[in-house]
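Here is a short tour of a protein model. Look over the sequence and the structure, then read on.

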Amino acid sequence: MEPLSFNRVEIDIAALQANFKGIQQTAGQQVRVMAVVKSDAYGHGLVECAQAIYEAGGRTFGVAEVWEGVALRRAGLQGEIVVLLGGAPESYGEIIRHNLTPVVYDVDCIMGLSHGAARKNTEVMVHLKVDVGMGRLGVLPAEVESYVSLIKRLPGISLSGLLSHFPVADETGAGEKTREQLAIFRNVLARLQKKETGPFVAHIANSAALIYFPGSRLDMIRPGISLYGYYPDASPARAKSAAPMLQLQPVMRFKTRVVQVKELDAGCGISYGHTFVTRRKSRIAVLPVGYADGYLRKLSNRAEVLIGGRRAPVCGRVCMNATMVDITGLEPVHPGDEVVLLGRQGDALITADEIAQWMETISYEVLCLFGTFNERVYINK
């Protein structure tokens with residue numbers, strides 16, 4: 001079925017699968033890869049991306065909430081699905097029913113899962129989260145052994161993983177802090193091994209740690225942004241120097257089309273507030289995209305788009321459903337012509353990192369916005 005919207009987000013399945021395989025090759029075949037597909041796969045499509053990664057060899061998936069794991073199971077996805085935020089009491093039944101693996105960091109949750117699984121005469125696997133410096137979810141390192149002991153004592157529940165998370169692994173000059181946090185995590189692991197707690201998978205490395213701290217890969221890594229073709233610090237050159245074999249391909253392309261072209265004299269104001277006024281006789285193209293489509297108002301008078309393989313600047317304020325661009329210096333532009341907001345057109349390229357600079361944010365947010373608020377089409381399956 002053809003898209004019904006002027007705006008279209010294309011998701012390149014072949015690029016996604018190539019990124020996954022490249023990440024696996026970089027980590028080594030002995031290291032498991034948890035493909036992080038939470039938050040609708042960063043705007044790329046939860047079910048479609050998870051299925052494509054499974055076809056490429058992925059067998060472990062990370063989601064944020066229980067409903068995402070349930071959606072994957074209902075779509076027929078096999079493998080382990082780790083729920084990174086854990087679950088509320090009302091979700092324990094769904095966790096057990098759909099064989100999900102919740103992350104735990106709370107006694108009440110551990111007790112509730114144990115009770116629910118024991119009543120069903122089954123067992124739920126859990127990963128215990130340790131806070132080694134993120135200041136977010138997780139038990140403190142000194143508390144880990146008591147939590148592990150509790151899990152071992154209870155029926156219907158087993159420890160299958162121990163994880164933590166790095167807060168600054170992507171930042172230049174923060175290596176010492178990351179190495180200190182890795183040392184804390186390794187110390188926790190060493191203490192548990194002495195107590196013969198049984199086999200479990202240890203994981204702490206995100207996309208940044210995969211690239212810049214290879215010693216953090218341990219049993220499993222959790223790539224997120226790198227799956228979708230971007231480097232966590234918006235620095236491809238630095239990343240390629242650290243991990244030259246990892247060549248990522250952007251997975252998302254966002255395009256629209258011209259709906260009107262008009263000629264205006266010098267001195268004409270454009271859009272709300274007339275924050276842009278033509279300085280010469282100008283040709284202006286109107287695009288049917290705006291902040292309701294994730295193309296934020298922050299891009300007003302900052303962003304550029306591609307038309308005919310050349311850049312055209314956004315002029316005036318981005319509206320809810322419309323954006324104007326100055327096409328005065330371009331070859332003739334007509335209604336219906338393709339406009340690329342994110343991605344490649346001919347030899348020209350606009351990346352999510354560049355758009356993130358204009359938005360004063362990060363590529364993650366750009367991808368989530370564009371993918372969530374627009375019709376998606378999957379190509380190169």
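## The largest pocket

The largest pocket has a lining of 27 residues, and K38, Y42, R136, H165 and Y364 are the ones nearest its centre. This is a predicted model. The pocket holds about 710 Å³ of space.

The largest share belongs to α2, with three residues. Sorted by class, the lining of this pocket counts 17 nonpolar, five polar and five charged residues.

## The second largest pocket

The second largest pocket has a volume of about 390 Å³. Its lining is made of 21 residues. Nearest the centre lie Y230, Q249, P250, V251 and L349.

Strands contribute here. β1 (8-12), β10 (252-257), β18 (338-345) and β19 (348-350) each give at least two residues to the lining of the second largest pocket. By class, that lining has twelve nonpolar, four polar and five charged residues.

## The nonpolar cores

In general, nonpolar side chains in soluble globular proteins tend to be buried together. In this model, the largest nonpolar core has 116 residues. Within this core, L162, Y295 and F370 have the most contacts. Helix α1 (residues 13-27) provides the largest share of the core, six residues. There is also a second, separate core of eight residues, with L264, I270, C315 and C319 among them.

What does F370 touch, leaving out residues up to four places away in sequence? The list is V9, M252, F254, D293, G294, Y295, L342, I355 and M359. One of these, Y295, is itself among the residues with the most contacts inside the largest core.

## A histidine in a loop

H44 sits in the loop between α2 and α3 (46-55). Is H44 buried or exposed? Its relative accessible area is 0%, so H44 is buried.

Which residues surround H44, once neighbours within four places in sequence are set aside? H44 is in contact with I11, C49, Y228, V251, M252, L367, R376 and Y378. Among these, V251 is also one of the residues nearest the centre of the second largest pocket. M252 is also touched by F370.

β15 pairs with strand β16 (residues 310-313) in the antiparallel sense, over four bridges. The hairpin of β15 and β16 has two residues between the strands. In that hairpin, G308 takes a positive phi near 60°.

β15 and β18 run antiparallel and are joined by two bridges. Across this pairing, I307 stands opposite V339 in β18. β18 is also one of the strands that supply the lining of the second largest pocket.

Where is L218 placed? L218 lies in the loop between α9 and β9 (220-221). L218 is not a glycine, yet its phi is positive, near 50°. Its relative accessibility is 22%, so L218 counts as partly exposed.

N301 is another such residue. Its phi is positive, about 60°, although N301 is not a glycine.

How values were computed. Residues numbered from 1 in each chain as written. Predicted model: local features only at pLDDT ≥ 70, side-chain atom pairs only at ≥ 80, totals over all residues. Heavy atoms only, no water. 1 Å grid on protein atoms, 1.4 Å probe; cavity = no way out; pocket = protein on both sides within 12 Å on 5 of 7 lines; lining within 4 Å. Points joined across faces, edges and corners; volume = space filled by probe spheres on them. Nonpolar A, V, L, I, M, F, W, Y, C, P; charged D, E, K, R; others polar. Buried < 20%, exposed > 50% of the residue type's maximum accessible area, 1.4 Å probe, protein only. Pairing = 2+ DSSP bridges. Contact = heavy atoms within 4.5 Å. Core = buried A, V, L, I, M, F, W, Y, C linked by side-chain atoms within 4.5 Å.
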